[in-house]
Amino acid sequence: MLNDIVRYVLDLGAPVMMPLIITTFGLLLGQGFARSFRAGLTVGVGFIAIGLVVGLLVGVVGPKSMAFAKVLGLKFDVLDVGWPMGAAVSFASPIAAALIPAVLLLNVLLVVTRVTRTVDVDLWNYWHFIYTGALIHAATGSLTLGVFGACITAFVIFKLADWTAPAVEHHFGLPGISLPHTETVNWAPFMYALERIERKIPGLSKWEIRPETIRKRLGLIGEPILMGAVLGALIGALGAIPMWNEGHYGAWLKEVLTLAVTMSAVLIVLPKVVAILMEGLIPVSEGARDYLRRRLPGHDLLIGLDAAVVIGHPANMAIALLCVPLMILLSVFLPGNRMLPFADMAALPFYVLWGVAASRGNMVRGLLNAIVILVFILWIGTSLGPLTTELARAAGFRPEVMGEAGQYQEWSGVALGSHIVPWIVLHLFCPSAPGFWLAVLGAMAFFAAWYWVRDELRMQYKYEDLS
């Protein structure tokens, strides 16, 4: 019964679920029904609008990536089936009904005891924590270990969301917001450590290329609308190579021009639809902070949201689009990779987010950071293929009867490969598995990276505030 109720609520999707949550949240904060409902509905409209733009990306970038991969003659046995499949198999797992209230309770407990500042209202993305628990459950057969592992992951992610909140406020311009979004924020410690190293490398430290400097020096060429057109034309040209080879030059040109205009539209429209979302969130966020400041003096809380609210940053979008052909080429030459990147290629703006944010929008160092993320995504995605396929089969998805996806022995995804903290936690719970000692080293490196740069964000933005 509880499982059915939880699944029904989650099946409503973020555009319906978030207005209900925001309206209820506003009422609990004493903001009145009219104001709370308007804020909730505005958030729902924002999610619908973001979904339309992301859907536009998915519709054009994914097929072109696959076409380019075919041109290169790539053959792998693990297919990137996209984050929707990851979410579906997570919510369909038997551990889901137990984990959602467990993580909710953990979040409340951590906030009330002032261990964390993030109030994570992004229930839809609880699937990241469920995915961790489902993997551990599948690997160990223990429901208890699954719940425990998922809660450890949630704790780490809430703390990382707190830690990166100054960047969300100053770099992305969203005060009072944090991003407890596992597949993005779990890269932040490594990215800030890498950025610190890069700043000490002669030459690289002074190589500054930002969208605003490009725009200042090159005028129209540096504007997002033209950057989108150039990058879209590049993806279109690579994806339409089969048409060129067959002599269909008119069709090839049409594809290139269509992708150019489409990517221009994405880079222009995405920041505007995010603004709609923020129009609904800001009043609730400010109300929550005022309410809790009265009841928990000295406790400045953050509202935890999906990273979709910040992916429209011009440098982030430009680097993510550059990463589309780069990731396909990496998949060819990277030793140990068996995964063909496909369905999640359009969602790269999410996964490279903290690589670009750590560089403060510097496109040279941001691209280097993003490439490091892509390498680990391919390795982790390959590693998680067997367990993810097992979860998919248990949920009723059978690769062998699902068209082109059935040609591959295993399923995984770029989004799933971006779960570095869940990967570490999973293997730490499996001491007899081949990846155990690698996970031990990974956990030590993760903590060391965070410890080394733990004051980086706070001090960086503190000095900027003073100046």
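Student: Which residue in S5 stands opposite Val78?

Tutor: Met339 stands opposite Val78. The model is predicted: local features need pLDDT of at least 70, side-chain atom pairs count only at pLDDT 80 or more, and totals for chains, interfaces and linings use all residues. Residues are numbered from 1 along each chain as its sequence is written, and side-chain values use heavy atoms, with hydrogens and water left out.

Student: Why are S5 and S6 said to stand at the edges?

Tutor: The open sheet has the order S5-S1-S6, with parallel pairing. Strand S5 (339-340) and strand S6 (410-412) each have a single partner strand, so one side of each has no neighbour in the sheet.

Student: What is the order of the open sheet that contains S4, and how do you know that S3 and S4 pair?

Tutor: That open sheet runs S2-S4-S3, and its pairing is parallel. Strand S2 (118-120) and strand S3 (177-178) each have a single partner, so they are the edge strands. S3 and S4 (residues 302-304) are joined in the parallel sense over two bridges, and Ile177 has Ile303 as its bridge partner in S4.

Student: Why is Asn125 called buried?

Tutor: Buried means under 20% relative accessible area, exposed means over 50%, and partly exposed lies in between (1.4 Å probe, protein chains only). Asn125 has 5%, so it counts as buried. Asn125 sits in the loop between S2 and helix H6 (127-140). Leaving aside residues up to four places away in sequence, Asn125 touches His181 and Asp306, where a contact means heavy atoms within 4.5 Å. Over the protein as a whole, 56% of the 467 residues count as buried.

Student: Which residues touch the most other members of the largest nonpolar core?

Tutor: A nonpolar core is a set of buried Ala, Val, Leu, Ile, Met, Phe, Trp, Tyr and Cys residues joined through side-chain atoms within 4.5 Å. The largest such core has 133 residues, and Tyr192, Leu348 and Trp354 touch the most other members. Its largest share, 11 residues, comes from helix H14 (residues 314-333). The residues that Trp354 touches include Phe172, Leu179, Met191 and Tyr192.

Student: What makes Leu27, Phe33, Phe37, Leu41 and Val45 a nonpolar patch?

Tutor: Patches consist of residues with over 30% relative accessible area and no salt bridge; like charges are joined within 9 Å and nonpolar side chains (Val, Leu, Ile, Met, Phe, Trp, Tyr) within 5 Å. Phe37 has 39% and is partly exposed, so it passes the area cut-off. Together the five expose about 480 Å², an area from the Shrake-Rupley method with a 1.4 Å probe, counting only the protein chains shown as cover for residues. Helix H3 (residues 33-71) gives the most to this patch, with four residues.

Student: How do you know that Arg338 forms a salt bridge with Asp77?

Tutor: A salt bridge is a side-chain nitrogen of Lys or Arg within 4 Å of a carboxyl oxygen of Asp or Glu. The closest N and O atoms of Arg338 and Asp77 are 3.1 Å apart, so the pair qualifies. Arg338 lies in the loop between H14 and S5 and Asp77 in the loop between H3 and S1, so the bridge ties together parts 261 residues apart in sequence.

Definitions and conventions. Pairing = 2+ DSSP bridges.
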